[in-house]
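Work through the exercises below with the model open. Try each task before you read its solution.

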Protein chains: 2
Amino acid sequence: MGRWEPNARGRLAQAAFELYGERGYEQTTVAEIAKRAGLTERTFFRHFADKREVLFAGSEILQESLVRAVVDAHESAAPIDAVTAALETVGSVLMDREFSRRRQKVIDSTAELRERELIKLAALASAVADALRRRGVPDLAASLTAEAGVAVFKVAFERWIAGTDEKDLSELIREAIDELKAVTAG
Amino acid sequence: MGRWEPNARGRLAQAAFELYGERGYEQTTVAEIAKRAGLTERTFFRHFADKREVLFAGSEILQESLVRAVVDAHESAAPIDAVTAALETVGSVLMDREFSRRRQKVIDSTAELRERELIKLAALASAVADALRRRGVPDLAASLTAEAGVAVFKVAFERWIAGTDEKDLSELIREAIDELKAVTAG
DNA sequence: GCAAGCGATGTCAGCGGCTGTCATCGCGCT
DNA sequence: AGCGCGATGACAGCCGCTGACATCGCTTGC
């Protein structure tokens, strides 16, 4: 097995996710991940840039979905409303709350992974700001709206994960945006 | 030299800063930093948790100054105004623009360092949110105000560094806050 | 069918970040 | 003078990550 079995990348991601959950991220060796996937350490690094990246494989999809939603927003929509609309589409990408919970538990356990998460969110903000500029929004407004949008996402996502209630992520995002508006008013 | 010379930590930080600037962060070895400081690699790691941390030595001071300003803000001040007041005190901590520029150039050159910077900013936001909660601000509002405040700081600091004009950092912060309010209005 | 070509994987050697452990040094205290 | 203690050195070793080259197995052109 290994050389000819299909979907090496998927097997590696699966093995990594399992091991990070079972023994913890720091206690897991890349060699162990590769072994469980029936592959070699060297091959792991051909599919993922580093030991962290395997947990963030889906982030481009989230980013593309957000950017597209901003670009496609109604021409007359104000920047904040374009971002709001975009954030509400996120619910269709992030559906499996239990999976997100497990993944987040791993990430929160290690500073190294928190750092990686933050740079992904920063890339998100940067991409959204670009999309806003493409709509003609001036630099400063674009950057601030995008950063504020990501802040809203961060807070809402955290509550979605932590919550025991059955509130929808979109709903929490809506609440967070309203609260942001309330807090910055005046 | 070495064993008895004073201020080992300072010498290490100085050597690291110089070498990161001269050859670049990735091309610099911890052993080289230690050698320039007249010390050993092992000793470097006794003073700094890792190769990145040496560039972020001053961040606790910034954080303490921000938190204190939030706590000390007028009792009747709204959360956003407390944070605004706090951000305006930052100018007294960050004075040397040329130094900040050089430091930022190094940080921006490497993803590893950008990650570290982001987690420092996240810690800032977290501390500010705590301070707001201690003022009686509810959770959601505290988190969002703190995140928004840090976003403002990020954008303003970036413009302060990049700018050729002689605009004060406090001034740029004020502008960014006003723009944030404008953008979230409605 | 078969050989050439090609992409994916294996193997090996090596660097650098980081840590544990123990020895050593220099200083202050008594 | 001797003792104790904090800071440094010396050494060994793990692990993340990379470059270089060999090997495998499938596809393609003939």
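**Exercise 1.** Decide whether Asn7(B) is buried or exposed.

*Solution.* Start with the cut-offs: a residue is buried if 20 or more other C-beta atoms lie within 10 Å of its own, exposed if 12 or fewer, and partly exposed in between, with C-beta atoms placed from the backbone. Asn7(B) has 10 C-beta neighbours inside 10 Å, so Asn7(B) counts as exposed. Next, locate Asn7(B): the segment before α1 (8-23) of chain B. Then check its backbone: phi is near 60°, a positive value in a residue other than glycine. Most residues other than glycine have a negative phi.

This is a predicted model: local features need pLDDT of at least 70, side-chain atom pairs count only at pLDDT 80 or more, and totals for chains, interfaces and linings use all residues. Residues are numbered from 1 along each chain as its sequence is written, while chains are lettered from A and ligands numbered from 1 in the order in which they are written.

**Exercise 2.** Describe the side of chain B that touches chain A.

*Solution.* Count first: 28 residues of chain B are in contact (C-beta atoms, placed from the backbone, within 7 Å) with 28 residues of chain A. Now assign elements; helices are DSSP runs of H or I, at least four residues, numbered from the N terminus. Two or more residues each come from α5 (79-89), α7 (111-134), α8 (139-162) and α9 (169-184) of chain B. The largest share, 10 residues, comes from α8(B).

**Exercise 3.** Find phi of Asn7(A).

*Solution.* Phi of Asn7(A) is near 60°, a positive value. Asn7(A) lies in the segment before α1 (8-23) of chain A. Asn7(A) is exposed, with 10 other C-beta atoms within 10 Å.

Terms used
Contact = placed C-beta atoms within 7 Å.
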